[in-house]
Amino acid sequence: MNAVRRRIAFLGLGLMGAPMARRLIGAGFTVAVWNRDRAKAQALSGEGGIVADTAAEAAEGAVVVVTMLTNGEAVGKVLFDGGVADALKPGAVVIDMSSIPPSVAREHAARLAERGIRHIDAPVSGGVVGAAAGTLAIMAGGEPEVIAELADVFAPMGRMTHVGPSGSGQLAKLGNQQIVAVTIGAVAEAMMLIEAGGGSAEAFRNAIRGGFAESRILDLHGQRMVSRDFEPGGSSNNQLKDLNTVLATAKDLSLALPLTEAVQAEFAAFVADGGGEKDHSGLLLHLEKLNARPKRDA
């Protein structure tokens with residue numbers, strides 16, 4: 001189908017959702033937007049977004065609904081209690097790009113299937129920068145023919161990979177979040193080690209780039225740590241939420257994940273100490289406090 005003919009409802013316009021919706025509008029889709037805080041939806045009206053008063057109103061006439069919400073409970077409430085599922089016709093597709101437990105994604109898929117509505121779980125990685133640039137890594141779980149049909153919807157937002165059946169996208173996102181969290185912890189501890197010994201964290205970061213320790217985390221979050229910029233691109237609250245889901249899923253699968261358990265405990269302590277709204281690279285602040293290191297401006 002031609003982009004300009006396909007109506008999309010985009011539900012959830014937070015740090016990630018707003019630039020993602022903007023990419024779809026820019027690609028020529030007709031996009032109805034809804035957010036619990038209407039002001040965030042209104043901000044897209046001047047760019048071509050059709051502002052809806054309710055999620056169900058946004059879904060009226062849509063053949064694709066994209067959800068980018070806080071957690072599985074929020075997604076369920078919007079889809080089933082908020083009237084979105086009732087507003088959709090059989091054959092419509094819900095693409096849930098939120099990060100939620102795999103079991104909840106499969107439950108939503110089953111409930112929608114009873115109504116003849118198709119479901120794809122397609123969480124993303126790449127942060128606000130990737131959302132704005134359309135370079136997100138999109139991990140899609142569901143029926144391959146449905147995912148193939150939606151290639152033009154995914155394309156403006158980033159690079160989509162079909163990773164398996166329903167729930168697999170969420171499993172891939174959990175794996176991604178494990179790697180992100182453990183790597184953030186490793187970079188933060190290494191920088192503390194260098195500074196405690198009298199070295200420069202900035203020079204250290206520059207010195208190891210291009211070697212085996214090079215990573216997107218070292219590049220972006222390492223720079224955040226050097227410049228002490230902890231305004232959230234990805235909040236520590238959300239990082240902890242995902243780590244809690246990883247460990248709950250691991251328990252169901254009878255897996256022991258000691259590295260993930262260790263970094264989850266540190267994020268839990270950081271959030272409990274008031275760091276939840278700081279970027280997840282702000283874990284450095286918690287580790288500094290743990291070691292009674294003097295903090296530079298944060």
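# Salt bridges and helix packing

R224 has a relative accessible area of 19% and is therefore buried, where buried means under 20%, exposed over 50% and partly exposed in between, with a 1.4 Å probe and protein chains only. This is a predicted model in which local features need pLDDT of at least 70 and side-chain atom pairs count only at pLDDT 80 or more, while totals for chains, interfaces and linings use all residues. Residues are numbered from 1 along each chain as its sequence is written, and side-chain values use heavy atoms, with hydrogens and water left out.

Q: How many salt bridges does the structure hold?
A: Side chains of opposite charge can pair when their charged atoms come close. A salt bridge here is a side-chain nitrogen of Lys or Arg within 4 Å of a carboxyl oxygen of Asp or Glu. The structure's total of such salt bridges is 15.

Q: How many residues apart in sequence are the parts tied together by D279 and R224?
A: D279 is buried, at 0% relative accessibility. The side chains of D279 and R224 form a salt bridge with an N to O distance of 3.8 Å. Since D279 lies in the loop between α14 (258–275) and α15 (283–290), and R224 in helix α12 (residues 216–227), the parts that the pair ties together are apart in sequence by 55 residues.
A: In the salt bridge between R209 and E214, the closest N and O atoms are apart by 3.6 Å.

Q: At roughly what angle do the axes of α14 and α15 cross?
A: Axes are lines fitted to C-alpha atoms, for helices over the stretch in contact, with angles running from 0 to 180 degrees between N-to-C directions. Angles under 35 degrees count as roughly parallel, over 145 as roughly antiparallel, 65 to 115 as roughly perpendicular and the rest as oblique. The α14 and α15 helices are therefore roughly perpendicular to each other. Their axes come within 9 Å and cross at roughly 90°.

Q: Which residues does T249 contact beyond its neighbours within four places in sequence?
A: T249 is placed in helix α13 (residues 236–252), and its relative accessibility of 15% makes it buried. Contact means heavy atoms within 4.5 Å. Leaving those neighbours aside, T249 is in contact with P102, L171 and L174.

Key: Helix = DSSP H or I, 4+ residues; strand = E, 2+ residues; numbered from the N terminus.
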